[in-house]
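Please look over the sequence and the model shown below before reading on.

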Amino acid sequence: MTLLADLRDLRVALATPAGPAQVLDGVSLEIPRGRIVGLVGESGSGKSTLALALLGLLPASLSRLDGSIRLDGEELVGASPERLQALRGTRMAMIFQDPMTALNPLFTVATQLADVLKRREPGLSGAERRARLLGMLDKVGIADPERRLHAYPHELSGGMRQRVMIAMALLCRPDLLIADEPTTALDVTIEAQIAGLIRDLRRDFAGSILFISHSLGLVAELTDEVAVLYAGTLVESGPTAEVFARPRHPYTSALLACEADLDRDVREALSIPGEVPSPLERGTGCVFASRCIRAEHRCREETPLPRPVEAGRIAACHFA
Ligand SMILES: Nc1ncnc2c1ncn2[C@@H]1O[C@H](COP(=O)(O)OP(=O)(O)O)[C@@H](O)[C@H]1O
Ligand SMILES: [Mg+2]
């Protein structure tokens with residue numbers, strides 16, 4: 001299987017008032033062509049930073065970027081801002097948690113969607129473009145698309161804005177679509193609808209998807225492969241069904257135990273005891289050692305590197 005994106009030993013340090021924060025600490029991740037890869041981990045583990053690194057949108061506080069990000073063989077670490085901008089909205093597109101990050105409040109839905117389409121398919125006539133936009137709004141489940149086309153973002157509900165942003169991403173027909181917690185800001189009913197929409201997409205979207213989510217249920221349902229991040233470190237990866245059925249890293253087990261069979265309210269109240277270590281102080285040993293029920297002396301002394309534990313599966317644990 002060929003790789004669309006190949007991240008190798010990615011390291012991202014950001015400057016903060018308290019000093020440099022090592023937000024990603026040597027992450028390697030492969031995104032095969034045409035596959036959906038899930039990215040999970042508690043809040044603060046570096047999921048969004050990884051997505052922004054792929055897009056070339058790391059914050060201005062970036063103090064160091066090392067490692068390699070290849071998209072279709074092309075190295076993006078060190079690529080010019082112009083090149084990265086040319087890739088965004090054509091080869092790569094992102095669905096953000098907050099649609100207002102992607103939508104401009106000053107322009108109608110029609111103007112913003114038409115801009116995307118003009119860039120991707122400059123040869124279309126005005127009438128063809130309009131037909132494509134209406135078709136896409138219909139596809140993402142927007143009722144009365146004629147009227148919605150002329151609305152401004154603030155005139156739409158949160159769920160509707162999320163649909164418009166998904167429509168915008170799909171009009172790009174990107175090779176890589178990144179969805180960063182696309183359902184987290186929505187209420188439960190809308191969350192289920194948007195999840196259904198992403199499920200439908202699986203059928204007619206030919207590109208690869210990096211699906212970042214808090215919801216292990218959604219990741220289990222929607223993704224082929226999964227990567228588990230903890231404190232800027234990749235602790236486990238492999239085919240989703242196998243990883244969730246037989247996790248090889250204690251952190252993955254703990255995450256799954258928190259989610260298992262619980263409804264949303266209970267789940268949010270429950271979490272793994274202890275805290276994610278601060279990116280300001282990364283010591284030696286396993287990043288998860290302070291919270292791990294299996295940790296031994298060795299775990300605090302010696303950093304476990306990600307290693308193959310069986311075909312297609314990687315875990316960074318001395319006991320995996
Ligand atoms: N612009 C920034 N400046 C400084 N630290 C940041 C910035 N963005 C994120 N961080 C820190 O980086 C870590 C990872 O953040 P993030 O990538 O947003 O994680 P996630 O998406 O998994 O919740 C957190 O500790 C967060 O506080
Ligand atoms: Mg995030």
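## Contacts with the ligand

A backbone N or O atom of G46 lies 3.0 Å from an oxygen atom of ligand 1, a polar contact in the sense of a pair of N or O atoms within 3.5 Å. An oxygen atom of ligand 1 is also 2.8 Å from an N or O atom in the side chain of K47, and an oxygen atom of the ligand is 2.9 Å from a polar backbone atom of S48. Taken alone, ligand 1 exposes 560 Å², of which the protein buries 66%; such accessible areas come from the Shrake-Rupley method with a 1.4 Å probe.

This is a predicted model, in which local features need pLDDT of at least 70 and side-chain atom pairs count only at pLDDT 80 or more, while totals for chains, interfaces and linings use all residues. Residues are numbered from 1 along each chain as its sequence is written, chains are lettered from A and ligands numbered from 1 in the order in which they are written, and side-chain values use heavy atoms, with hydrogens and water left out.

## The shell around the ligand

Ligand 1 is surrounded by 14 residues, the closest being G44, G46, K47, S48 and T49, where a residue is counted if one of its heavy atoms lies within 4 Å. By class, this shell has four nonpolar, eight polar and two charged residues, with Gly counted among the polar ones and Asp, Glu, Lys and Arg as charged, while Ala, Val, Leu, Ile, Met, Phe, Trp, Tyr, Cys and Pro are nonpolar.

Strand 1 (3–16) and helix 1 (47–55) each supply at least two residues of the shell, and the largest share, three residues, comes from helix 1. Helices (H or I, at least four residues) and strands (E, at least two) are DSSP runs, numbered from the N terminus.

## How the helices pack

The axes of helix 6 (residues 158–171) and helix 7 (residues 188–204) come within 10 Å and cross at roughly 15°, where axes are lines fitted to C-alpha atoms over the stretch in contact and angles run from 0 to 180 degrees between N-to-C directions. Helix 6 and helix 7 are therefore roughly parallel to each other, a term for angles under 35 degrees, whereas over 145 counts as roughly antiparallel, 65 to 115 as roughly perpendicular and the rest as oblique.

Helix 3 (residues 109–120) packs against helix 6 at an angle of about 15°, with their axes 9 Å apart, which makes helix 3 roughly parallel to helix 6.

Technical notes. A polar contact is a pair of N or O atoms within 3.5 Å; within protein, one must be able to donate a hydrogen and the other to accept it, and residues adjacent in sequence count only if both atoms are side-chain atoms.
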